[in-house]
Amino acid sequence: MAQALDKTPIDSSITNLLPLPVLMQSSDFNLGIADFHHHFHPEKSEQLGFDTENSRLYRDYAKRLGGLAVRHSRGQLIPRWLHDRYHDTFSGPLLPTTDEDQFKTVVLACAGIVPRQAIELYVPGEARIVEMSDRQYNFVRLRTFYEGADQFKHSKRNKIGSFLVNYVINNSLDELAFRAEVEQKVAEFLRPKNEEQRRNAGRDILAYAIESSVAELIPIHQEAKKERLVKPTNRSLTEVILRFVTTNKLLKYYDSIEDQLGFVLI
């Protein structure tokens, strides 16, 4: 009978959501091939968009999108021998199951928050949680990023963006439509003088909606910045989300924004 695997430890200092990274150093890569270690796994789980009953991704795009966004939102470039040792030890972290928890997880992961603790796997059959030195931490953090950050995996980056923007549109626009600072933008979007005004208003409305959606996460992000758990940047969480959607790709969401505003304003 196979030995039961442990659940992957979760960061308990800041996020209470993100799995701990695997400790590694530059000399570890001398022993073979490097892999991309997904922090959210197993891949074939319902929480990550997989229909286990039929052994395929869910046919319903909306049903699988949140899980795929979580799957792609955080990983680590790691030597294969350490990757294998990790999977011999851990079955995976507790995965978010609701749209809200998936959204929080993806935002914090893509914001670049990396805990100071890591999983040490250098002794076969033994896993320890350790505090990383500054040198260890910087090495691990530079190799921890969302899948799709490289130029060859735009489809994965796009899935992250689609999930985040669709979540924001479906969950935050209704509480914004009658706010004084947003009403003018809504009027410009629904009754624009020209297409440029509609594009600009749509982007501003989306930014307001994103800011509302991430309000609960802003203190976590600020604390992570204070503790230097993110790469040095002044980027806000709203900007973190918007960077996943180029100006051209924003246009495909404008019909959804219009539909949602029309529903709210009727």
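Which residues lie nearest the centre of the largest pocket? They are C110, A111, G112, K231 and R243, among the 18 residues that line this pocket. The structure is a predicted model, in which local features need pLDDT of at least 70 and side-chain atom pairs count only at pLDDT 80 or more, while totals for chains, interfaces and linings use all residues. Residues are numbered from 1 along each chain as its sequence is written, and side-chain values use heavy atoms, with hydrogens and water left out.

**The largest pocket**

- Rolling a probe the size of a water molecule over the atoms shows where empty space is left.
- A pocket is an open set of points on a 1 Å grid over the protein atoms alone, where a 1.4 Å probe fits, with protein on both sides within 12 Å along at least five of seven lines; lining residues have an atom within 4 Å of a point.
- The largest pocket has a volume of about 280 Å³, a volume being the space filled by probe spheres set on the points, which are joined across faces, edges and corners.
- The lining of the largest pocket comprises 9 nonpolar, 4 polar and 5 charged residues. Here Ala, Val, Leu, Ile, Met, Phe, Trp, Tyr, Cys and Pro count as nonpolar, Asp, Glu, Lys and Arg as charged, and the others, Gly among them, as polar.

**Helix α6**

- In helix α6 (residues 180-190), the residues V182, V186, E188 and F189 are buried. Buried means under 20% relative accessible area, exposed over 50%, and partly exposed in between (1.4 Å probe, protein chains only).
- Seen down the axis of α6, its buried residues fall within an arc of 165°, so they line one face of the helix. The arc is that of the directions from the helix axis to the C-beta atoms.

**Salt bridges**

- The whole structure contains 11 salt bridges, each a side-chain nitrogen of Lys or Arg within 4 Å of a carboxyl oxygen of Asp or Glu.
- R80 and D35 form a salt bridge whose closest N and O atoms are 2.8 Å apart. This pair links distant parts of the chain, with R80 in helix α2 (residues 80-87) and D35 in strand β2 (residues 34-38), 45 residues apart.
- R80 is partly exposed at 37% relative accessibility, whereas D35 is buried at 14%.
- In the salt bridge between R116 and D134, the closest N and O atoms are 2.8 Å apart. R116 lies in the loop between α3 and β7 (117-120) and D134 in helix α4 (residues 134-142), so the pair ties together parts that are 18 residues apart in sequence.
- A network of salt bridges links E100, K104 and E216.

**Aromatic pairs**

- There are 8 aromatic pairs in the whole structure. Rings of Phe, Tyr and Trp (its six-membered ring) pair if their centres lie within 6.5 Å; planes under 30 degrees apart count as stacked, over 60 as edge-to-face and the rest as tilted.
- The ring centres of F36 and F145 are 5.6 Å apart and their planes stand at 40°, so the pair is tilted. F36 in strand β2 and F145 in strand β9 are 109 residues apart.
- F163 and Y167 form a tilted pair, 6.3 Å centre to centre with 45° between the planes.
- Ring pairs join F103, F163 and Y167 into a cluster.

Methods
Helices (H or I, at least four residues) and strands (E, at least two) are DSSP runs, numbered from the N terminus.
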